[in-house]
Structure formats: structure tokens, C-alpha cells
Amino acid sequence: MSKYLSEIVKKIEPYVPGEQPKDKKYIKLNTNENPYPPTKKALDSIYNSLDKLNLYPEPTTENLRRELADYYSLKEEQVFVGNGSDEVLAFSFMAYFNPEDTILFPDITYSFYPVYAGLFKLKKELVRVNDDFSLDAKLFKKENNGIIFPNPNAPTGKLMELSEIEEILKNNIENVVIVDEAYIDFGGESAVSLIDKYPNLLVTQTLSKSRSLAGLRVGFAFGQEDLIDGLNRIKNSINSYTVDTLAMNGALESIKDRDYFKETTEKIINTRERVTKKLKELGFKVIESKANFVFISHEEKNAEDLFKKLKENGILVRYFNMDRIDNYLRVSIGTDKEMDTFLGKLEEILKL
Ligand SMILES: *Cc1c(COP(=O)(O)O)cnc(C)c1O
């Protein structure tokens, strides 16, 4: 490592995204991408924006924020837009926490949180997820300077009820509670409805999963005006133009097209339920999922083995070599055809 790096950069352990191998054509069920294309209206809008690329994008993303505010019955000032929700999350860590602060998050969760904690010099405190992977709101009642968790949780897909989230918010009214709703559109109820009641609530969402626009890089945050102002202060101290013209216009049309959104999310939910049933018949324990993936473990077969054999057969799923979940696989929900291929290969592999 170069001697020119800062102490913090030498020490951080960066996040490792799911693999995107190019050696052959895989069925990709490893990064929770949406198998359906984005709405054509978004693509047309992106195409029609090409002749505006000589100009800087609109720095406040006003039209997009207005559309999102309308979607959730919020005020424009309660909406922030960023370059993917990962960026929005990183900005949140900068806006709400001080170095040496203690941040609480589940021991089984999105692996970017510990990376941000390291980068911004926070102390991590883990909340143990129950053995059935549910989260106990009561366990978030302890010393902290901030809390973050996904709902539904990743990589388990398990949903927490709003009443429990409300309990966490009440018990931590002095600290910011970030609810990462990357997967909320696949069957959960958004905590956005609690924003007017709780000044400490920040909800983040993304176009990457339910809107089929992972490649466009657009994420949002919702919260009371003062909290959102914190994110704007960070953004305008780093880069005024985090969301480019193409992304802004594509995102706007995607949010507007409610019919297409409903159609594709419903398809994924139906496929998820069908696949869940079939996996259970094949001897898998399947955690009840409200996301666009299932988290599964076989009664007899080793998960890492299954992961390798599926890969040899052209199917990529995600395996985490981590404490408590090292005998599980996370399988993204693809099209019905992709899932049938997956189930067919899996059935063959299980017979070996
Ligand atoms: C995918 C994911 C994100 C990141 O979404 P982007 O908007 O693509 O950056 C954030 N949180 C969780 C839990 C995710 O799974």
C-alpha cells in the first residue's frame, strides 16, 4: 500500500459488491437487480435528454423531488435525491454523526454499514438478530448516537412491522434513526408515514431494485426538513451535481409510471411466492421474504457447495462466508423462466 495514503484510507476495508463475471453468460441471481427492463418512458426521456449534456444538470433536482413528494404526500423540502442510495447513506453518516459516536445496527445486515462506520471513524455496536432472523425493537434501547437498519432486512428479506419501528424511534428520540428501504416496494409498508411525527427519522430508498434502474444510480432520502437540510449541506460541500441530467429525467418518468411499476413488482412478488413453495418442497428452509430475493438454507446440503455447483451450471447466487449465515444462500428473484432454470439445475444438483 502506498505510503502517501491517509491513515484512515490505509485502515478501511472497502465494500465488495456481488461479482459480475464476464467469462460466460450467467443467469444472475446474485445482486438483487430487477430482471425486467425499466419503463420505456424512462428510456425515452433519457434519450431525449442527450442534447442537453453540454449544460450542467439542475442542481436541486427540483422536478424529481416534487414528483417524489407528491408520490408520498410530503413537501419538496422533505426529499433529498442522490447518486444511488449508497451515496445518500454515506452523506447521512457525514451529516448526522461525529467521529467516535456509537452507531447501532443489526449483526446480520447490509455490509456497507460497517464500511461507512470505519470510514467516518464511528464505533459500531451490533444488535443481535433473533435466530429466526427477526429484529427485536427492544434491543435498540441502549446507549447510542444513531441507528441504521434495512427494512426489509438484507440479506434475510425479513420485514419489521411499523409499530416496532415506531418503538425504536420513540426510544431514541435524541438520535437519528435511518431506515434503509431498498426493498420496501416488494411487500412492506414504508416508514415514510411516520416522518411528520418523528423528527429523528430518515428513510432512504432507491431506483435500483423495484424500478429496474440499478445502472442509472438514483437514490432518495425522506425526512423532516431540518434533517434533509443536513444532507444538502453535505452534498453542496462535496459535489453540487451528484445526479446527472439523464438520471434525473429517467428517474422522473420512472416515478410517474405507476402502472408499469405495479405490474413489474407484482410479477416479482408472485414469482417469489411460487419459488418459495418449490424450494420448500426441495428441502430448503426459506425465510419469509418481503424483498426481491429469498434467503435459503438446505436441511442436508452445504450452502457453499451448492453455490459453487450452481455457478458451474451458469447460475450465480450470493454466498456470504459470515458468522451465523454461512450455510445460507441469497437468491434474487429473476423472471419466471430464469427461476425455472434455477430450480431445475438445483434439483439436479441436490440429487448428486
Ligand atoms: C441495494 C441496496 C442499497 C443500494 O442501493 P443503490 O441505490 O443502488 O446504491 C442500499 N441498501 C441496501 C440494503 C441494498 O440492498
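Helices here are DSSP runs of H or I at least four residues long, numbered from the N terminus. Keep that in mind for the names in these legends, which describe a predicted model.

**Figure 1. Two cavities turn up in the whole structure.** A search of the whole structure comes back with two cavities of 30 Å³ or more. Rolling a probe the size of a water molecule over the atoms is how you see where empty space is left.

**Figure 2. A look into the largest cavity, with a volume of about 90 Å³.** This cavity is lined by 13 residues, and those closest to its centre are D185, Q205, T206, R211 and F220. Which elements give two or more residues to the lining? They are α3 (62-72) and β7 (201-206). Helix α3 gives the most, with three residues. Sort the lining of the largest cavity by type and you get seven nonpolar residues, three polar and three charged.

**Figure 3. The second largest cavity, holding about 60 Å³ of space.** By type, the lining of the second largest cavity splits into three nonpolar, five polar and two charged residues.

**Figure 4. Close-up of R211, a residue that belongs to both stories.** R211 is among the residues closest to the centre of the largest cavity.

Conventions: Residues are numbered from 1 along each chain as its sequence is written. This is a predicted model: local features need pLDDT of at least 70, side-chain atom pairs count only at pLDDT 80 or more; totals for chains, interfaces and linings use all residues. Side-chain values use heavy atoms; hydrogens and water are left out. On a 1 Å grid over the protein atoms alone, a cavity is a set of points where a 1.4 Å probe fits but cannot get out, and a pocket is an open set with protein on both sides within 12 Å along at least five of seven lines; lining residues have an atom within 4 Å of a point. Grid points are joined across faces, edges and corners, and a volume is the space filled by probe spheres set on the points. Ala, Val, Leu, Ile, Met, Phe, Trp, Tyr, Cys and Pro count as nonpolar, Asp, Glu, Lys and Arg as charged, and the others, Gly among them, as polar.
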